[in-house]
Amino acid sequence: MNLIAKYATICAVFAAGFLSASAQDADQGGSSSSSAIVRRSAGASRRGAAQDQQPGVTDRMRSHYSSESNVSDADRMWMRVIYRDLEVKNPKNAALYFPEEVIDGQENLFRILMRLLANNQVAAYEYLDGKEIFTDQYRLKVGDMLDRFHVMYTPAKGSTEKNPKYTIDESDVPANEVLSYYILEKWEFDSRTNKTRRVVEAICPVLHRSDDFGGDAVRYPMFWIKMNDIRPYLAQQYIFIDDDNNLPKYTYDDFFRLSMYDGDIYKTRNLTNRSMMQMFPDPDDRKRAQDSIQNRLDSFDKKLWVPSREEVIAARKAREAAEAAKAEAEASGADIQSRDEPAEAAEAQPAEKSVRKSARASRGKKSSGTTKAVKKKSRKEAKPKAPKSSSSSAVRSVRRRK
């Protein structure tokens, strides 16, 4: 019994030690897990603070939008650079201007661009009139630009020389004077997809400002911004496209990516760096040249390939069907005309008879009148005939008769 009691005591001691060790391990594990959770929460809070500075935009999002539209030169087989003028008075471009003021988080394109520039979130480049170079050498200083166009601002909190930031009141943003935009458009033929695609590379707001004498408004191109830099922000702003649907279903990114805008071609990249107005001073000639360029762009990829057998057969059937429809229409028109001719002839017969009767009557009256006049004239002209004198017979003188 003593041995059994000792053995039980030893087992109890070992069990107690084992339980205490496991409890200590559990306490250490719990403390380590709690500290990891704290570190993760601290990291999440830091990331949240960074996102507060740039709401909803991450480095991964920027890289996604920048790489989505980049095509290597090896894949490009053809490219044409086009400059377009988007007037906000055009109903298709009205989404760029309205609303003029911020309403329920809705703001127009120029306010978004000014907010991004004031927070130093995107880079702007100088407008060089056809020689756009998007490098650090031509990067625009936002403060100089605001001074140039007389936009009131104050240095923002935390602004430094290397990272300048500005505070601009909503009433000081000249959104009502930006009445048009210039866009730099590239038409590229991608050999990977064998298709032509249309890409907006950069955008430039144009300020329309009149002088103090109230003359015609003068255009002032402000700056260029690369579309890839602002696409992550434009993808978050939903807009109204038309008045038929009062629910915003598209974003500014969709607006440019799907080519929902409408604008005239005011320039193409050429060796002499001349605009369409310089090349074609006459408005009619300029309009024809613009239409010709647009038609060539639209039909470029369609002229590259030889049609397949199925396409040739379909085109031939369509042509034959059109010719048959035309012949049937002509035949039906001739049939209708032939049916209408007897009725017209029947309607014309009484009229012809009446015309003939009237003509005969008029001829009869005229002939009777002429005969009467001839008879009267002959009666007047008829005189008694004088006796003929013969020169051969001698005439006796009455005076010598005794």
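The legends below describe close-up views of a predicted model.

View 1. Helix H3 spans residues 109-118, and nine of its ten residues are buried, so the helix is largely enclosed by the rest of the structure. Just after the helix, Asn120 takes a positive phi of about 60°.

**View 2. Leu117 within helix H3.** Leu117, which lies in H3, has a relative accessible area of 1% and is therefore buried, the cut-off being under 20%. Residues up to four places away in sequence being set aside, Leu117 touches Val122, Ala123, Ala124, Val142, Met145, Phe223 and Ile225. One of these contacts, Val142, is 25 residues from Leu117 in sequence, while the two C-alpha atoms are 6.8 Å apart in space.

**View 3. Strand E1 and its two antiparallel partners, E4 and E10.** Strand E1, residues 76-87, pairs in the antiparallel sense with strand E4, residues 178-190, over eleven bridges; within this pairing, Glu87 has Ser180 of E4 as its bridge partner. E1 also pairs in the antiparallel sense with strand E10, residues 264-268, here over four bridges, and in E10 the bridge partner of Asp85 is Asp264.

**View 4. Asp253 in helix H6.** Asp253 is placed in helix H6, which covers residues 252-257. With a relative accessibility of 6%, Asp253 counts as buried, because the value falls under the 20% cut-off. When neighbours within four places in sequence are left aside, the residues in contact with Asp253 are Tyr65, Arg231, Leu234 and Ala235.

View 5. Across the protein chain the pLDDT averages 79, and 69% of the residues score at least 70. Over residues 21-54, however, the pLDDT is below 50, and this stretch has six contacts in the model beyond near neighbours in sequence.

Key:
Residues are numbered from 1 along each chain as its sequence is written. This is a predicted model: local features need pLDDT of at least 70, side-chain atom pairs count only at pLDDT 80 or more; totals for chains, interfaces and linings use all residues. Side-chain values use heavy atoms; hydrogens and water are left out. Buried means under 20% relative accessible area, exposed over 50%, partly exposed in between (1.4 Å probe, protein chains only). Contact means heavy atoms within 4.5 Å. Two strands pair if DSSP finds at least two bridges between them. pLDDT is the predictor's confidence in each residue, from 0 to 100.
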